[in-house]
Amino acid sequence: MRANAIARHADAFVHWTRLDRVTLLGHPERRNLRWWPALALVTMLVGYVLVAAAIDDRTRSVASLFRIATGGLLLFGALGAAGWLRMLGPRLMADLEKGLDERERMLRARAGHISGRIIASIAIIGCFYFGAAHPLGLWMPTQTIAWVYLGVMIEGWALVLPVLVVSWLQPPPERD
Amino acid sequence: MIYNRIALFRAERGESRRELAEAVGVNHQTIGYLERGDYSPSLELAMKIAEHFGVALEHLFSFRPFESVAVALRRAEATE
C-alpha cells in the first residue's frame with residue numbers, strides 16, 4: 001500500500017513538473033509559451049550585463065566576484081532553460097515519433113525568419129554601437145571572456161526567440 | 001477564410017482529433033486549428049481529409065459558411 005502511494009506521488013510529481021513530456025516514451029502535449037521565453041531572454045541579458053560590468057572591475061573585490069558568479073549563473077541557467085523551453089513549447093523540430101506537418105513547417109519558417117530578422121537587427125545596432133563606443137567613450141566589452149559571453153547570450157537568444165515568436169503567432173491549441 | 005465541416009464529420013464518426021490526425025498524417029493540434037478556422041490547409045491535406053471521410057472536397061470545405069444541420073434538415077423536410 002505504502003509503495004503504491006509512493007509510486008502514485010512520484011507519478012503525480014513527474015506529471016506536475018512535466019518531466020513526462022520529455023522522455024522518449026512521453027507524448028509531449030506542446031503548448032504556447034508566451035512569457036517564459038521572454039523571461040529567459042531578459043535573464044540572459046541581465047546575467048551578461050552583470051558579468052561584463054564586473055569583469056572590467058580590476059580590483060577583483062568580493063562584490064565584483066559575486067556579480068560575476070551571479071551573472072554567470074543567470075546567463076547559463078537561462079541558457080539551460082532555453083533548451084528546456086524548446087522541448088515544452090510549440091514543435092520546431094521533428095521528434096522520434098513524427099516529423100513536422102505542413103502547418104508546423106510553415107510556422108517554423110515564419111518564426112525563423114522573424115527571429116533571424118530581430119537578431120540580425122540587434123547585431124547591426126550592436127555593430128554601430130561598438131563602432132561609436134570607443135570614440136565617444138561609451139562602455140564596450142574589452143576582455144575576451146566578455147566577448148565570449150556575448151556570443152553565448154546571442155546563441156541563447158537564437159535558441160529561445162523562435163519559441164517566443166511561434167507562441168505568439170499561433171492561438172492556443174484545442175484540447176483533444 | 002475557408003469554412004469546413006471537419007468537426008461535424010469527425011463527430012459523426014466518433015473519431016478523436018488524434019485519430020483523424022494520425023489518419024491524414026498531421027499533428028493532432030493541426031486538426032484543432034483547422035476545425036476552428038485558424039489554419040487553412042494545403043490542397044494536399046484538404047484532399048486527404050476529404051478522402052478519409054469519403055466525401056467530395058466541396059462537401060467539406062467552402063468559401064461560404066455551411067448551413068447548420070438544423071437548417072439543412074428543415075430544408076430537406078420542406079422539399080419532401
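How many helices and strands are there in chain B?

**View 1. Helices and strands of chain B in the predicted model.** Chain B holds six helices and two strands. Following the sequence, these elements come in the order β-α-α-α-α-α-β-α.

**View 2. Extent and packing of chain B.** Chain B has 80 residues, and 25% of them count as buried.

**View 3. Where chain B touches chain A.** Nine residues of chain A are in contact with 15 residues of chain B. On the chain B side, α2 (17–24) and α3 (28–36) each contribute at least two residues. The largest share of that side comes from α3(B), which supplies six residues. By residue class, the side of chain B that touches chain A consists of four nonpolar, seven polar and four charged residues.

**View 4. The two assigned domains of chain A.** In the domain assignment, domain 1 of chain A covers residues 1–30, and domain 2 of chain A covers residues 33–169. The centres of domain 1 and domain 2 of chain A, taken over C-alpha atoms, are 31 Å apart.

Note on methods. Residues are numbered from 1 along each chain as its sequence is written. Chains are lettered from A and ligands numbered from 1 in the order in which they are written. This is a predicted model: local features need pLDDT of at least 70, side-chain atom pairs count only at pLDDT 80 or more; totals for chains, interfaces and linings use all residues. Domain bounds come from an automatic or database domain assignment. Two residues are in contact if their C-beta atoms, placed from the backbone, lie within 7 Å. Helices (H or I, at least four residues) and strands (E, at least two) are DSSP runs, numbered from the N terminus. Ala, Val, Leu, Ile, Met, Phe, Trp, Tyr, Cys and Pro count as nonpolar, Asp, Glu, Lys and Arg as charged, and the others, Gly among them, as polar. A residue is buried if 20 or more other C-beta atoms lie within 10 Å of its own, exposed if 12 or fewer, and partly exposed in between; C-beta atoms are placed from the backbone.
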